[in-house]
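Visitor: Please bring up the structure, and then let us go through it part by part.

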Amino acid sequence: MPSPEATSRPAPVLYRNGSVYTAADPFATAMLVDGDTVAWVGSEQAASSIADSSMEVIDLHGALVAPGFVDSHVHLTETGIALESLQLGAVTSARALLDAVAGAGGNGPVLGHGWDETTWADSTLPSAEELERAAGGRPVYLSRVDVHSALVSPALAQSADLRGKDGYDGGARVTRAAHEAARLATRRLPQEALKRHQERALAEAAANGYVAVAEMGAPHIGGAEDLKLAAAWNGVDGGAQFPEVLPYWGELVSSEEQARVLVGQFEGGIRGLAGDLNIDGSLGSRTAALRSGYSDSAQERGALYLSVDQAAAHLAACSLAGIQGGFHVIGDAGLDAALEALDLAAKEVGEQRVRAAAHRFEHVEMADAAAVARLAHYSVTVSVQPAFDAAWGGPGGLYEQRVGERSRAMNPFAAFYSAGVPVCFGSDSPVTPLRPWASVRACVEHHNAAERISARAAFLGHTRAGWRAARHANPMAGQLVPGAPASFAVWEVEELMVQVADGRVQSWSTDPRARTPLLPALDTGSDPVCLQTVKNGTELFASPALRS
């Protein structure tokens with residue numbers, strides 16, 4: 001008689017008649033999943049020989065099976081709230097924004113996300129009084145697309161006690177400390193509401209082929225309880241029904257003991273003291289720290305939120321504790337400070353300890369050749385957001401408006417790869433959507449041709465590199481080979497191709513002699529459609545079309 005374990009074990013699943021992205025066999029058309037593990041990959045002929053009645057057989061009808069995506073920088077609660085609040089990305093004027101506020105349903109605060117005045121014909125923002133009237137007296141919080149500033153009504157300013165705080169002048173727009181206070185005032189929600197927002201965000205991720213997300217918590221974003229809730233999804237039913245959450249906490253420490261105690265407060269549930277520990281702000285809100293003034297506001301240069309000494313002490317403490325440390329850093333002056341902090345930390349604890357801790361910097365949008373070399377020297381992982389370049393990097397875009405000619409060298413993906421800087425990719429959701437193939441395409445179509453990378457390099461940066469950046473214990477995570485975790489997504493694609501990295505030759509090839517696994521063609525006008533997402537052998541998402 002079979003044991004209870006044997007009877008409860010799910011049937012093996014054989015995927016066939018498609019394409020499998022695997023280093024084990026560039027011509028693979030089939031894959032067998034047994035439990036939580038990839039058991040086999042191979043040809044259609046071999047699939048016919050191993051298929052039996054004990055298996056569930058899924059006919060792919062030409063679909064692509066590929067390692068699941070890892071988003072290396074997200075904010076789950078913020079994403080869930082943004083998905084359920086006013087969508088302001090398409091708003092093109094102050095009048096349209098006020099109309100959206102006036103049309104908001106419900107009785108509580110009016111929340112919205114995504115406005116970007118740099119796309120308006122007239123960039124004048126509405127006044128605080130206009131927001132108050134449009135909302136009928138309800139508190140209003142509308143985050144800018146970069147979530148480093150917002151528009152708030154007088155009612156919210158009063159309830160959040162913004163008077164006297166840095167970044168509040170009595171008007172509608174708030175930045176820095178005032179913005180943090182305004183946002184937190186709208187995030188004082190019951191635990192069940194926070195969980196609902198996070199679940200909505202995780203479901204959105206699963207429906208778009210993500211098997212893991214790096215959650216970037218910090219005191220100024222949602223507080224420790226918010227991050228603990230995010231980390232707890234890994235323990236719900238074994239974490240089987242949701243993408244894995246890779247949690248980071250952005251709080252400053254100054255000693256090894258303090259670092260260990262802080263990590264211990266999360267009961268081992270965080271990956272490091274990194275993420276959105278802000279050295280500076282954003283270009284869109286003119287709070288990123290620059291070496292010289294903003295092109296569209298020469299008197300502004302942003303500001304450092306941390307001193308070099310504070311940043312150095314944090315990196316030294318994390319290095320001694322063997323914990324990943326790091327910062328949110330965008331401007332060139334901000335990066336100068338972060339690199340100087342690395343030098344000071346290395347002098348204090350030794351270069352080897354700094355390298356071994358595998359620190360990570362988020363965004364790093366303005367890095368010159370000397371900065372890239374120093375990042376490589378210290379083995380710092382750079383977590384970047386390709387969709388930023390797609391949204392703001394083109395001629396006349398936000399980057400050019402804010403920093404002029406300096407924008408051409410921003411987001412130097414190819415330079416990072418060439419220098420050996422470890423790179424992983426994310427969305428910074430809700431800043432940009434959870435759309436991984438659009439992010440891969442943004443790497444291929446970077447506004448500066450010299451900084452483009454191949455689709456294959458970009459795909460690896462969105463998958464296997466995400467696991468490595470989080471120092472995941474399983475070295476096989478992020479690939480589909482026998483013995484690897486069965487974490488993957490199935491995609492309906494229009495065309496599969498091989499991209500070569502050398503721009504001097506044809507960019508796309510269907511020649512099987514390339515012996516490189518196939519990826520979707522990204523110049524067809526539409527992204528691949530997710531049919532199924534599986535993490536460790538458990539289905540997170542399935543389209544009705546998968547088994548039809």
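**Pockets, cores and strands**

Visitor: How much space lies in the second largest pocket?

Guide: The second largest pocket holds about 270 Å³ of space. It is lined by 18 residues, and those closest to its centre are Ile81, Glu84, Ser85, Pro109 and Leu111. A pocket here is an open set of points on a 1 Å grid over the protein atoms alone, where a 1.4 Å probe fits and protein lies on both sides within 12 Å along at least five of seven lines; lining residues have an atom within 4 Å of a point. Its volume is the space filled by probe spheres set on the points, which are joined across faces, edges and corners.

Visitor: Before we continue, what kind of model is this?

Guide: This is a predicted model, in which local features need pLDDT of at least 70 and side-chain atom pairs count only at pLDDT 80 or more, while totals for chains, interfaces and linings use all residues. Residues are numbered from 1 along each chain as its sequence is written, and side-chain values use heavy atoms, with hydrogens and water left out.

Visitor: Which elements supply at least two residues each to the lining of that second largest pocket?

Guide: They are helix 3, strand 9 and helix 8 (191-206). Helix 8 provides the largest share, three residues. Helices (H or I, at least four residues) and strands (E, at least two) are DSSP runs numbered from the N terminus.

Visitor: And how much space lies in the largest pocket?

Guide: About 420 Å³. Of its 21 lining residues, His113, Pro430, Val431, Thr432 and Pro433 are the closest to the centre. Two or more lining residues come from each of helix 3 (76-84), strand 9 (110-115) and helix 15 (386-392). Helix 3 gives the most, with three residues.

Visitor: Changing topic: how many residues has the largest nonpolar core?

Guide: It has 67, and Phe361, Val364, Leu375 and Phe416 have the most contacts inside it. Helix 12 (residues 332-349) gives the most to this core, with eight residues. Apart from it lies another core of 29 residues, including Ala160, Val174, Tyr399 and Val431. Such a core is a set of buried Ala, Val, Leu, Ile, Met, Phe, Trp, Tyr and Cys residues joined through side-chain atoms within 4.5 Å.

Visitor: What is Leu375 in contact with?

Guide: Beyond its neighbours within four places in sequence, Leu375 contacts (heavy atoms within 4.5 Å) Leu339, Phe361, Val364, Val380, Val382, Phe416 and Val421.

Visitor: Why is helix 19 largely enclosed by the rest of the structure?

Guide: Helix 19 (residues 455-462) is largely enclosed because six of its eight residues are buried. These are Ala455, Ala457, Ala458, Phe459, Gly461 and His462. Buried means under 20% relative accessible area, exposed over 50% and partly exposed in between (1.4 Å probe, protein chains only).

Visitor: Where does Gln479 lie?

Guide: Gln479 is in the loop between helix 20 (464-469) and strand 20 (488-492). Gln479 counts as buried because its relative accessibility is 17%. Leaving out residues up to four places away in sequence, Gln479 touches Pro67, Arg464, Ala484 and Pro485.

Visitor: Last topic: is strand 3 mostly covered or uncovered?

Guide: Strand 3 (residues 30-34) is mostly covered, with four of its five residues buried. Strand 3 runs antiparallel to strand 1 (residues 13-16), joined by three bridges, and Leu14 stands opposite Leu32. Five bridges also join strand 3 to strand 4 (residues 37-42), again antiparallel, with Met31 opposite Val41. Strands pair if DSSP finds at least two bridges between them.
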